[in-house]
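Here is a short report on aromatic contacts and strand pairing. Keep the model open while reading.

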Amino acid sequence: MSLIPSLFGNRGSSSVIDPFSWDPFEGFPFSGQLANVSGPAREVSSLAGARIDWKETPEAHVFEADVPGLKKEEVKVEVEEGRVLQISGERNKEQEEKNDKWHRVERSSGKFLRRFRLPENAKLEEIKANMENGVLTVTVPKEEVKKPEVKAIDISG
């Protein structure tokens with residue numbers, strides 16, 4: 001006898017769990033409710049959808065954003081006043097046909113916007129952006145840190 005059916009309850013006569021129909025959050029408050037939400041509530045859920053990593057190397061600050069399924073024309077990279085890097089875009093909702101029957105909607109659609117305050121050593125005029133395989137990479141070069149000049153003073157005496 002398999003342990004899996006006893007852990008997850010009786011799912012009928014089958015002893016195999018279909019991983020595509022099993023909802024691990026079933027029974028929790030609000031489980032599955034966002035899957036069928038539309039309008040502003042759906043857009044709010046997509047604001048956090050753009051996952052972004054920020055790393056600092058000796059030469060630059062590098063931002064990598066996951067934007068799967070978007071074209072470079074659908075993503076904007078801007079620098080606002082006050083040294084704020086802004087990455088934004090929009091995922092358009094798939095067109096619904098009258099005869100379509102949706103079983104689950106998990107991919108987010110709507111607008112996303114992320115902002116990052118850049119440090120003082122960022123070269124704003126040399127920022128570069130590249131998009132490949134659903135990953136947007138924004139490279140912000142850093143100015144060289146000037147080492148203070150040290151002037152040796154002769155000691156008399």
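## Aromatic pairs

Rings of Phe, Tyr and Trp (its six-membered ring) pair if their centres lie within 6.5 Å; planes under 30 degrees apart count as stacked, over 60 as edge-to-face and the rest as tilted. By this rule there are 3 aromatic pairs. In F63 and F116 the ring centres are 5.1 Å apart and the planes sit at 50 degrees, so this pair is tilted. The two residues are 53 apart and link distant parts of the chain: F63 lies in strand β2 (residues 60-66), F116 in strand β5 (residues 110-117). Strands (E, at least two residues) are DSSP runs, numbered from the N terminus.

F63 and F116 are both buried, meaning under 20% relative accessible area with a 1.4 Å probe, protein chains only.

## Strand pairing

Two strands pair if DSSP finds at least two bridges between them. β2 and strand β7 (residues 135-141) run antiparallel, joined by 7 bridges. Here F63 stands opposite V138 of β7.

Strand β6 (residues 128-132) also runs antiparallel to β7, with 5 bridges. V138 in β7 is the bridge partner of A129. The hairpin of β6 and β7 has 2 residues between the strands, and N133 takes a positive phi near 55 degrees there.

## Basis of the values

This is a predicted model: local features need pLDDT of at least 70, side-chain atom pairs count only at pLDDT 80 or more, and totals for chains, interfaces and linings use all residues. Residues are numbered from 1 along each chain as its sequence is written, and side-chain values use heavy atoms, leaving out hydrogens and water.

Technical notes:
Helices (H or I, at least four residues) and strands (E, at least two) are DSSP runs, numbered from the N terminus. Buried means under 20% relative accessible area, exposed over 50%, partly exposed in between (1.4 Å probe, protein chains only).
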